[in-house]
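Subject: Model handover, salt bridges

Hi,

Here is the model we talked about. Please look it over, then read the notes below it.

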Amino acid sequence: MKLSIIDKDILLTLSKYGYTNQRALMEQSGYSIGSVNKSISELTEQKLLDSSMKLTKKAKTFIKDYSPKNAIILAAGYGMRMVPINTETPKGLLTVDGIPLIERTIEQLHEVGITDITMIVGFMMEAYDYLVDKYDIKMIYNNDYASKNNLHSLAMAAGRINKTYIVPSDIWSEENPFNTEEAYSWYMVSDILDEDSWIRVNRKAELVRVVEESKRDDLDKIGNRMIGISYVCNGEADILREKLIEMDANPINDECFWEDAAFTKDRMFLSARVVSHMKTTEINTYEQLRELDSDSRNLENDAISVAAKELGVKLSEIKNITVLKKGMTNRSFLFSCEDKKYIMRIPGEGTEQLIDREMEADVYAAIAGRGICDDNVYLNPKNGYKITKFIDNSRNCDPTNQQDLDMCMKKLRGFHDMGLKVSHTFDIFAHIEYYESLWNGAESVYRDYADTKKNVLSLREYVDEQDKEITLAHIDAVPDNFMIIEKDGETNIQLIDWEYAGMQDRYVDLAMFSIYSLYDKEQIDNLIDTYFAVAGKKTDEKIRTRIYAYISMCGLLWSNWCEYKRGLGVDFGEYSLRQYRYAKDFYKLFVERTK
């Protein structure tokens, strides 16, 4: 039986409301009078409607064959765009009108008779445990939630996809989006456009991928805001199950969304269901939650409260909250207040083990007023919360651009030449041992770690014998922490984020810049030469050898740091492996130069 989507929607509308007249059917279905008349003719011809406009036995059997049986709720992810709320509450438990989003979803499913509900959890999974007892749901635990996207989550429940609603945990819907009857597979998007969406409804009412930026025309620029609720049944369920399992088996798909498995080339094999953004929305940000429920208790967030207090304003005056890219150590968000922009830093997972905030405060006191960077608006040495002014017209240093390197090395050398002092030292060897101790007895993922560590530690004798230029060093003087500011025809450089800074040989900062940039030997030598050239000097080859030793030491340092973070569910992929390679490769280079 071949019916159009409109025909199926009209059939479902008649099943739900019965027939009064065509105008009523038009209003109930949302289709034009012409579409209604055409569908009635087709449904009658297919013997799905009788002469009195009632569903025939054939129609009822057809609908029954598509009707929902179960639901899968996806609730494993971090919800990074919800910073700062997600540091306290997973997205599914945000409240609107006093009801957690996920409970509203479960109760709406129950209203249409769906009680067979499976939920995949990961981040803050313990917070969801009460739902098992309250609603008798099944729970699947995704321990890879930090390193894999939600394709993996849904693949874990692939065997349960059969006449199934697939639902994100962060949905709010004014009207129940679920039904006792369905007639085809669909995927829900909003009628509002969203630059972050990669799915759009085309002229044929199909769901297609947003065109790559280089190939876009005006109609392809942005997609429909993704709601993410879907219904998958029969043939489409079979295809989706198979593709999920196949894609999940290949690590190349670890970052994929489950929707990637619902595409055949550039078309989704699920039909588009477009809904009003006033009725159903996915809550991705603090601002969206505030728009929906300004009284939600989740808006009373500690970080936002601190920002309001320190700036002397009401909570409602902290506006335009936008999450920034998650850093390697912290989470940060941008906000505005009284026509000014600020950035607030929130320490990331396990940071209290890595950073001494009292020492950080001492460093900021030492550099204050010296033109190195803007002073903090607020810094709490107890919990690491920090507020700084947002720097307009700025960008990070491009480590592949020689002009940027010249400017940034001149800034770095000028800072070193100040000879600033603090009371604490950044001891690389001590930190290597300390980060390893945070593994709590676990073995390294690298089979030759013991040999690599032995080699690196053997560098201590050489380093200790050198006539070093000890000063306050940034330690994390990487390209991302050099801000290049263009204003009124002038260029200024600021060096930001001083949480690792301490007394150390100035040349450690060159090692750190190099390995963060994933430089090869030629690029590292160029960086060293640039640092000396900006002062009109030629590179001292003994210092070059010492920097090679520092690269080996710092490579193992950050490799151990990455292994600790991996144990917390934060994986840095290639960066982590490359740090370990620096430890080994530059030890060999050092040995060759000192034979």
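The structure holds 32 salt bridges, each a side-chain nitrogen of Lys or Arg within 4 Å of a carboxyl oxygen of Asp or Glu. This is a predicted model, where local features need pLDDT of at least 70, side-chain atom pairs count only at pLDDT 80 or more, and totals for chains, interfaces and linings use all residues. Residues are numbered from 1 along each chain as its sequence is written, and side-chain values use heavy atoms, leaving out hydrogens and water.

Start with K584 and D448. Their closest N and O atoms are 2.6 Å apart. K584 sits in helix α19 (574-593) and D448 in the loop between α13 (428-437) and α14 (449-457), so the bridge ties together parts 136 residues apart in sequence. Helices here are DSSP runs of H or I, at least four residues, numbered from the N terminus. K584 is buried at 18% relative accessibility; D448 is partly exposed at 28%. Buried means under 20% relative accessible area, exposed over 50%, partly exposed in between (1.4 Å probe, protein chains only).

Next, R544. It bridges to D525, with closest N and O atoms 3.1 Å apart. R544 is in helix α18 (541-567) and D525 in helix α17 (521-533), 19 residues apart. Both are buried.

R544 also meets E541 in a salt bridge, 3.0 Å from N to O. These two are 3 residues apart in α18, about one helical turn. E541 is partly exposed at 41%, while R544 is buried at 7%.

Finally, the network: salt bridges link K521, D525, D529, E541, R544 and R593.

Best wishes
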